[in-house]
Amino acid sequence: MRRGFLKNAKQKHSKEGVTTFDGSRSEAISKEPKPLFAESPAGLVSTYQNDVGYKLLPHDAVDYGDDLIFTSLPISPFLTEKLAESPDGWTECLITGSRKREIFATPGFSKRPVYPPETRHAIRPSKFGLGVFATQDLSIGDLILTERPLLIAPAGMRMPGELGYLEGLSEEDQTRICREAWEKNFLKPLFDRFEPETQAEYMALANSHAQDNDGGGPILGILRTNGIEVSAIADPWDKGQYTAVCRKISRINHSCSPSAETSFDLVSFSYQLRAIRNIKAGEEIFISYCDGLSPAADRKKFLAPYQITCTCTSCSLDEAASDERRRGILNSVTGKEQSISHHFDSWFADRSLPDDYMIANSLRWISMIEEEGLQVSFAYMHHLQAMVRSYTALGDVKNAVKYGKILGLWHLSHDGKDDMLRELEDPAYHQRNLEWNSRHS
Ligand SMILES: [Zn+2]
């Protein structure tokens with residue numbers, strides 16, 4: 001998972017006079033087909049218009065237009081009145097009307113989130129400030145915690161209205177003015193929708209931009225520091241992404257060798273945090289804010305705006321050797337000559353190659369990935385897949401199921417869905433495969 005706040009946003013003036021900081025084009029909005037409603041939306045919905053300020057829309061409004069709206073998802077505080085009466089909570093959202101229509105049209109929306117059978121985490125001081133710790137032994141796929149985000153907002157600043165007066169100013173001044181306007185006109189009204197205790201929880205989160213003096217206020221600073229990507233919701237134009245801030249998940253610290261992964265489930269409108277490898281009771285849980293297969297220098301650059309100087313082994317003691325290993329791991333799945341599919345082609349074509357030709361190759365990479373603590377990477381998934389495919393071709397159902405199960409749990413940790421796990425742990429699934437026992441037939 002990546003931290004999701006766009007940093008290299010460039011200002012653009014489009015034909016309609018809409019100014020954005022993320023390269024989005026307003027003309028793309030109106031071309032988007034409007035999804036049908038699955039059910040009537042409800043909730044306190046308001047929208048901001050430059051000329052009239054905030055306009056409260058009727059609760060039963062169906063057509064919000066395609067502008068950014070303030071709305072509570074998946075349910076309305078109007079229906080439940082108090083947070084205490086809504087065990088799953090809700091999320092204050094600043095999203096486009098078209099996204100809300102699409103969310104409501106998602107089959108099954110909204111169902112209750114799935115929670116761990118018992119509390120498996122604790123938040124307490126760590127050497128990085130506060131951190132999230134495991135309170136029991138966990139292994140890949142285990143659900144650690146579930147929560148609805150506090151808020152969801154665009155990952156880049158989208159500035160509607162005529163901002164022609166910015167022309168002639170330096171880029172730095174333009175950015176400052178836009179940050180001020182974004183905080184005042186969009187983020188503050190979103191924040192004001194929180195209940196007082198939620199406002200206090202939000203303000204207690206880390207803000208690595210507090211001293212920047214760059215025009216942004218505390219709400220934007222906390223959003224930029226803690227925002228995580230919401231890949232399930234994105235406007236269809238260039239960089240129309242959203243970012244979410246969570247009570248607990250936003251407290252999880254970074255490591256280049258993470259032990260857990262998050263996924264967002266649109267239907268229950270919640271994040272799940274799952275273990276991606278073994279975690280011991282009492283261990284701090286880490287996620288990765290950046291691409292772990294990139295070199296240490298690139299990771300440092302990406303983490304700098306979050307005021308993170310990563311001190312994991314791969315970033316400090318062992319940097320050059322770790323870079324070398326990570327480059328090798330990446331190459332083992334993406335390099336042409338070294339790639340898994342290239343090796344499979346050779347193995348299937350040449351019967352003189354040993355039976356364990358593929359298995360030995362992938363086992364070597366799997367153990368290197370485990371030593372680097374990169375089970376979160378797609379390279380791990382590809383090598384697990386290679387193990388399953390090899391044992392399928394060899395007609396070895398016991399080992400196909402063994403590695404299939406780990407592969408299924410990897411997918412469960414990444415997307416919160418267990419459909420692949422159910423297939424891959426079923427012996428008949430492998431025996432039905434067209435490549436079943438093909439190496440021996
Ligand atoms: Zn690191």
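A search of the whole structure finds 16 aromatic pairs, where rings of Phe, Tyr and Trp (its six-membered ring) pair if their centres lie within 6.5 Å, with planes under 30 degrees apart counted as stacked, over 60 as edge-to-face and the rest as tilted. One of them, Phe 264 with Phe 269, is edge-to-face, at 5.3 Å centre to centre and 80° between the planes. Phe 264 is buried, with a relative accessible area of 12%, and Phe 269 is buried with a value of 0%; buried means under 20% relative accessible area, exposed over 50%, and partly exposed in between (1.4 Å probe, protein chains only). Ring pairs also link Phe 104, Phe 109, Phe 264, Phe 269 and Tyr 271 into a cluster.

The model is predicted: local features need pLDDT of at least 70, side-chain atom pairs count only at pLDDT 80 or more, and totals for chains, interfaces and linings use all residues. Residues are numbered from 1 along each chain as its sequence is written, and side-chain values use heavy atoms, with hydrogens and water left out.

Two arginines have the charged end over a ring, as tabulated below. The criterion is NZ of Lys or CZ of Arg within 6 Å of the ring centre and within 35 degrees of the ring normal.

| Charged residue | Ring | Distance to ring centre |
|---|---|---|
| Arg 364 | Trp 365 | 4.7 Å |
| Arg 389 | Phe 344 | 4.2 Å |

The zinc ion has as protein donors the SG atoms of Cys 256, Cys 310, Cys 312 and Cys 315, lying 2.3 Å from it. Donors are N, O and S atoms within 2.8 Å of the metal (3.2 Å for Na, K and Ca); water is not among the atoms, so sites may look incomplete. Angles of 98 to 118° among the 4 donor atoms make the site tetrahedral, a label given to four donors if all angles lie between 85 and 135 degrees. The ideal angle for four tetrahedral donors is 109.5 degrees. In sequence, the donor residues follow the spacing C-x53-C-x1-C-x2-C. Cys 256, in the loop between strand 14 (253-254) and strand 15 (260-265), and Cys 315, in the loop between helix 7 (296-303) and helix 8 (319-334), are 59 residues apart and link distant parts of the chain. Both Cys 256 and Cys 315 are buried.

Helices (H or I, at least four residues) and strands (E, at least two) are DSSP runs, numbered from the N terminus. Helix 6 (residues 218-226) is mostly covered, with 8 of its 9 residues buried.

Technical notes: Tetrahedral: all angles 85-135°; square planar, octahedral: opposite > 155°, others 65-115°.
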